[in-house]
Structure formats: C-alpha cells, structure tokens
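Visitor: Hi, I'd like to get to know this protein. Can you put it up on the screen for me?

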Amino acid sequence: MSKNFASHADLDEKTVSFDKLSDNAYAYTAEGDPNTGIVIGDDAVMVIDTQATPVMAQDVIRRIREVTDKPIRHVVLSHYHAVRVLGASGYAPEQIIASEDTRDLIVERGEADMASEIGRFPRLFRAVESVPGLTWPTITFRGHMTMWLGSLEVQLLQLGRGHSKGDTVVWLPQQKILFSGDLVEYGATPYCGDAYFTNWPATLDAIAALKPEKLVPGRGAALTTAEQVQEGLRGTRAFTSELFELVKQGVAAGKDLRTIYKDTYAALKPKFSHWVIFDHCMPFNVTRAYDEATGYVDPRIWTAERDMEMWRQLEG
C-alpha cells in the first residue's frame with residue numbers, strides 16, 4: 001500500500017482543550033480527535049460521547065472534577081462508532097442513552113465495528129485492553145427525548161440521518177447550545193463510511209433551524225459564536241455534498257471505483273486536504289458514496305478484513 005493505512009501514521013499526541021460554553025456546558029476537544037461533551041445539571045453530570053477506552057475517559061473525568069463534584073449519572077451516545085463509545089464504562093454511569101437506531105446498529109455490526117476501528121486508530125485506542133466489550137445502552141428512544149437535570153432542560157433529538165442511521169444531537173434550548181456528534185465537523189474531515197449522503201443536507205438544515213449559538217462538533221474546536229456555527233455547517237455541507245456529486249458523476253460516466261476515487265481525491269484535495277484525517281477518510285468515504293450511488297441504500301458492514309481489502313484496491 002502506497003499510503004499508511006487509515007490513521008497509522010497519526011501517532012503524535014494532541015493538545016487537549018476544555019472549554020466552558022456556559023455554566024452548564026463544556027467541550028473536551030483535542031485538535032481534531034473525537035470530542036466529548038459535558039452537561040452539568042443541578043444534581044448530576046451528563047457526558048456525550050465517551051472517548052475510545054475507559055483509560056482515556058479518565059482524562060475527561062479529571063477535567064470534569066476540576067469544575068464540579070456532582071455525580072456522572074448519564075452517558076449519551078451520539079451514534080455507535082467504537083471510537084466514540086467504548087470508554088463508557090470508565091464513567092460508571094447510571095444510564096447509557098442512545099437512539100433505538102443506534103442500538104440496532106450495535107446489534108447488527110457492533111463487534112465488526114469494534115475490530116475495524118481498533119485497527120484504524122492505534123493512538124486513539126490507548127489501553128484498549130481496558131475495554132470490557134461493547135457498550136450497550138440501558139435506555140433507548142426514538143425521535144425525541146427530554147430530560148431534566150434539575151431545572152436544566154436537555155433534549156435528545158434525531159433530526160435525520162447523515163453520519164449514520166442513529167445520529168442523535170443533544171440540545172440545550174434554554175442556552176441555544178448544541179452537541180452535534182459527527183453530523184457536523186470543524187476543520188476535520190467528515191467520516192462517511194456509514195453515511196447517508198442523500199439525507200445529510202436536510203439533517204444539517206434541521207440543525208440550522210434550531211439556530212444554535214454555540215455548537216460542539218464531533219471533531220474540531222468548539223464553535224462559540226453563531227457565525228462559527230454557520231461556518232461549521234457550511235463546511236460539512238460543502239464536503240459531503242461535493243464528494244457525493246463527484247462520485248455520482250463518475251458512476252453516470254461508467255467509471256470504476258478506483259478511477260472515481262482518484263478523480264474525487266484530486267478534485268477535493270486543494271480545498272479540504274488540510275483538514276484532519278483527510279487521507280484516512282477519503283477511501284472509506286468514496287467507497288460508501290459509490291455504494292449509495294449504485295443502489296446500496298444502507299451502508300455495508302465494515303470489517304477489519306474489508307477495510308484492508310478496500311485500502312489495497314484504492315491505495316495499492
């Protein structure tokens with residue numbers, strides 16, 4: 001293979017930021033690594049996405065303990081990817097909450113996804129031996145769920161498919177703060193290997209309709225003004241829409257996947273290659289876009305073996 005597989009060349013530790021968005025909301029970010037959101041209510045803490053291992057979760061807990069001693073009772077999974085959810089046990093939460101669609105995905109492909117992502121991200125799965133197994137929700141919902149952390153209203157919303165079938169955003173309506181999961185990225189390449197390209201733009205429209213004034217993306221710095229939020233939405237929309245359009249044009253022209261990949265990579269590189277994990281994501285993204293453009297409505301399951309086969313085909 002001519003390029004290092006996935007994120008195997010990404011071995012440098014990143015600088016963590018822990019940004020206060022309000023008295024109730026914080027963002028744990030690390031230069032484009034997967035983000036974790038924190039919501040502090042009157043009597044309990046909610047964590048949104050957990051880091052990849054219980055050992056890595058300890059750094060999030062350390063930051064939380066710098067600002068509150070309230071118990072961490074709730075963990076929310078914005079979707080099912082292993083790098084987001086396998087650290088959940090480190091928080092010893094009373095509840096792990098996810099959409100029913102996310103639970104369905106764990107049933108269908110959780111084991112395969114865990115093996116696949118551990119193989120892709122050697123740095124992000126530090127102390128992987130501390131992972132006790134798959135993370136299973138204890139509470140599921142469909143569409144909409146409201147929780148009250150004392151006087152603080154927290155809405156869990158499925159606004160539509162995009163990054164995955166089970167995407168959930170966490171919305172603090174009293175403060176206009178949104179935790180988007182990987183539906184929105186900022187300065188980081190959207191991973192689209194399990195995406196629904198056709199649906200993603202409408203889901204971004206639904207996020208924009210909430211008029212968030214602050215937003216924690218799945219990767220990238222916390223967005224702390226309405227203007228930055230719009231920039232994040234525009235960037236995510238541009239990348240996903242332009243990629244899918246290029247792939248559809250290639251399919252219509254009768255080109256094979258490898259040719260479409262090379263053409264799409266060349267077209268997007270000038271505009272997006274400075275974004276984090278661009279080279280990692282592009283083969284997976286174009287493969288999924290090709291599938292959707294050729295009639296695979298739902299994403300096929302990625303296994304560690306399929307990952308390597310695809311990489312050899314496109315990058316070999």
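Visitor: Which helix do Arg 288 and Glu 292 lie in, and how many residues apart are they?
Guide: Arg 288 and Glu 292 lie in helix 7, residues 278-293, and they are 4 residues apart, about one turn of the helix. Helices (H or I, at least four residues) and strands (E, at least two) are DSSP runs, numbered from the N terminus. Before we go on: this is a predicted model, where local features need pLDDT of at least 70, side-chain atom pairs count only at pLDDT 80 or more, and totals for chains, interfaces and linings use all residues. Residues are numbered from 1 along each chain as its sequence is written, and side-chain values use heavy atoms, with hydrogens and water left out.

Visitor: Got it. What do the side chains of Arg 288 and Glu 292 meet in?
Guide: They meet in a salt bridge, at 3.2 Å from N to O. A salt bridge is a side-chain nitrogen of Lys or Arg within 4 Å of a carboxyl oxygen of Asp or Glu. Side chains of opposite charge can pair when their charged atoms come close.

Visitor: Are Arg 288 and Glu 292 buried or exposed?
Guide: Both Arg 288 and Glu 292 are buried. Buried means under 20% relative accessible area, exposed means over 50%, and partly exposed is in between (1.4 Å probe, protein chains only).

Visitor: And which residues do salt bridges join into one network?
Guide: Asp 59, Arg 62, Arg 63 and Glu 66 are joined that way, through salt bridges that share partners.

Visitor: How many salt bridges does the structure hold?
Guide: It holds 23 of them. One is between the side chains of Lys 20 and Asp 23, at 3.1 Å from N to O. Lys 20 and Asp 23 are both exposed.

Visitor: What about Asp 205 and Arg 237, how far apart in the chain are they?
Guide: Their side chains meet in a salt bridge of 2.5 Å, N to O. That pair links distant parts of the chain, with Asp 205 in helix 4 (residues 200-209) and Arg 237 in helix 5 (residues 226-252), 32 residues apart. Asp 205 is partly exposed at 42% relative accessible area, and Arg 237 is partly exposed too, at 29%.

Visitor: Where is Phe 197 found?
Guide: Phe 197 is in the loop between strand 11 (177-181) and helix 4. With 4% relative accessibility, Phe 197 counts as buried.

Visitor: New topic! What's the phi of Glu 31?
Guide: Phi of Glu 31 is near 50°, a positive value in a residue other than glycine. Most residues other than glycine have a negative phi. Glu 31 sits in the loop between strand 2 (25-30) and strand 3 (33-40), and it is partly exposed at 48% relative accessibility.

Visitor: And Gln 51, is it buried or exposed?
Guide: Gln 51 counts as buried, at 10% relative accessibility. Gln 51 also has a positive phi, about 75°, although it is not a glycine. You'll find Gln 51 in the loop between strand 4 (45-48) and helix 1 (54-65).

Visitor: Zooming out, how many helices and strands are there?
Guide: The protein has 8 helices and 12 strands. Of its 316 residues, 57% count as buried.

Visitor: What radius of gyration would a compact globule with 316 residues have?
Guide: It would be near 20 Å, and the protein has 18 Å, which agrees. The radius is taken over C-alpha atoms, and the globule rule is 2.2 Å times the number of residues to the power 0.38. Along its principal axes, the C-alpha trace spans about 60 × 40 × 35 Å.
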